[in-house]
Every structure is written in structure tokens, then in C-alpha cells.
Amino acid sequence: MNSRLYNPFEKFSFTNEECFLTGKKVNPETEMISVFPEWIMERYSLSDQPFSMLGENKVLYSQLQIPCDSNVLENTINPLEEEIRKAFLEGFESVKKLDETRLFQWMGKLVYGILFRDIAYGVEMQKASGKEFKLSPYLVKKFMNLHNMLQSLVLPMEFKEKNPWSIAVVKVKYSKDIFNYKDETKNLNFSLAMNGFGIVACLQDNGENLIYQNDLLKKIGDTPLHPIQFEELWCRFMYSNYLLEANSQFAFDDDGNKIIVQSIPIKEGDQNPVFKKWDEKMYAQVLANYWKPWGLGMADIYNFPNSPISYLLDEYSNQLIGPDSIELQF
């Protein structure tokens, strides 16, 4: 691994005395930043709302903070947050125009910030019980790759040939007063909807899910989706990322001027498909978790041998279902 890249996973160093991005010593009294931007917490009154962590403990949004060197905050984090804030408040067209690397950096900072607090909590709990904190090598590698790429905020970095992520931005019929954030940390999935737009992303998939879901995204185009359609899109991305057969691999090299991130292509063959076979029942179970607001359970969604119901695609024409034809609450 390139020595210029800071690796907190080597010794599981997740304390408030070291900058989350560089490892530089910081003052935890004055150099802590919120994982969720202040403007989002203020706009959607989230500061005193509970946020569920991976370990099933709950904290307030305002308590989700990570250590950050003041120079990093001033020179990299603040400019990024302002760029994203401006685009998000303007809506879909501006979000669509954002540079994908900047959008990735913002999403990565948010997801990694939550992971940072989750891991720090786990380390503390294990230490209190006299045990060593352990994380599977699979997750260590995945989380470390995300953190390495996030360091593009402070180090010159080039993503060569293809981006290591899949990001889709769509229109959604959401009012300006709704903020809908979800993540799934094991496979680094991300979902956000607000102010008339929605984002679904797989942050470490070598762009494979964007290829897999390309036909569907073409059919959606700039059509403003009903919220239940957006939830279905999120479920499709999340489930296909789960089906991704091979772990995404990346090489990090230094040419003296910048760090080059090279995606290692997944070699597909009869015995080594890129994606495992789609299981209708398992996918329906994923849908059932996110369609609860509309009172839809597993029995409503899937009845073998029929396919799961869809609010995105018509079962006969396989074309996009018009959002205005969906008689469900927003």
C-alpha cells in the first residue's frame, strides 16, 4: 500500500485525537465536525432526532461527529460542503451536473463518518470487556478502499479508466420538507432523496451495477418518480450489489505526482459470472422492508410462481409505469 495513504485500519485507530482523513493529531475539544452537514440538520430539524447505528445503539444526529484537522476542514471539507449544499438546494438539474468525483467524496465522507463512529464504538465496547476488536478481512478491505479513495480530498489522485462506483441521479416527487437518507454499510450502498431529486449509489462496485441497471435507468430518464418507485430503484441497486459475485479489487500506485487508482476488471466466464442469479423471493423480501410505509407486506408483493409486483415496470410491456397512474400516497 502506498505510504502516503493514511490507514487507520492497521491498528484500528479510531479516536477523537486523530483526524479521520489524515491521521494528524487534533484537539478533540475544538476540531470535531458533524457527519451530517449542519445545513441539512438545521433545514430538516434533525439535530435532536435519533439515528440508528450499526450496533443497534442510537445517537442523536448532532452527536454524530468525527475528528477533523482544522486545515483539512477549511481547505477541503468546507468547500465541498458548500458546493454540494448549493446544488442540493437548487434541485435535480444542478445535482445532475455535479462532478461525480465530488459527489462521491461527499457521500463517502458521510458513509465513512458513520462507519468511523460505529467502529470507534465497537472498539470501546470490546476494550471494556477485555476483548480485542475484530472485523472480517473482507470488510476491512472494503472499508479501507473507501477511505483510501476518500483521501482524494487531500492528496492528488486519479481514478484511471473507470470510476470505482455506481451513481444514479433521478427526479423524485419529494417536497422540499422531506429528507430521506438510507445506507447499507456492508456493501457500501447509499440512498438519499430530497428537494425533487434522489440519488442511489454503490460506492465500491467498479461501476458494475450502473451497467446492470442501465436499461432501467434509460427508461426512467428524467421522469419524476413516485416515492414508491424510488424505493424500488434503491432496492434493485442494493440487491444487485449483493449479487455481485466477485469482490471489487483496486490497485493504488504512486507515479511521484499523484496516486493512481486502477480498477481491476472482473473476469467473467461460465463458472465465474459477474452477478449471481436473481432470486425473486429474496428480492421481494428486500422490497417488503422498504414498502412498509404503503402497507405492503411480503404476501402483497410476491406470490409464487408470479414475479414480485413492480411500480417501476409494467409486467406486460416492460415499460416505465407512469408515476401519475400510481394511486398511493406520497
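## A hairpin and the chain around it

Let's start with a pair of neighbours: strand 7 (residues 179-184) and strand 8 (residues 189-194) run antiparallel and are joined by six bridges. This is a predicted model, so keep that in mind as you look around. Within the pair, Lys-182 sits opposite Ser-191 of strand 8. Strand 7 and strand 8 make a hairpin, with four residues between them. In that turn, look for Leu-188, whose phi is positive at about 55 degrees. As a rule, side chains in a regular strand alternate between the two faces of the sheet.

Now zoom out. In total, the chain contains ten helices and eleven strands. How does its radius of gyration fit a compact globule? A compact globule of 330 residues would come out near 20 Å, and the chain has 20 Å, so the two agree.

Here are some overall values for the chain:

| Property of the chain | Value |
|---|---|
| Box filled by the C-alpha atoms, along the principal axes | roughly 60 × 50 × 45 Å |
| Share of the 330 residues that are buried | 52% |

Counting contacts with a separation of 6 or more, 72% link residues 24 or more positions apart.

And the charges? How many positive and negative side chains are there? The chain has 34 positive and 45 negative ones, and the centres of these two sets are 2 Å apart.

Notes. Residues are numbered from 1 along each chain as its sequence is written. This is a predicted model: local features need pLDDT of at least 70, side-chain atom pairs count only at pLDDT 80 or more; totals for chains, interfaces and linings use all residues. Side-chain values use heavy atoms; hydrogens and water are left out. Helices (H or I, at least four residues) and strands (E, at least two) are DSSP runs, numbered from the N terminus. The radius of gyration is taken over C-alpha atoms; the globule rule is 2.2 Å times the number of residues to the power 0.38. Buried means under 20% relative accessible area, exposed over 50%, partly exposed in between (1.4 Å probe, protein chains only). Contact means heavy atoms within 4.5 Å. Lys and Arg count as positive and Asp and Glu as negative; His and the chain ends are not counted. The place of a charge is taken as NZ of Lys, CZ of Arg, CG of Asp or CD of Glu. Two strands pair if DSSP finds at least two bridges between them.
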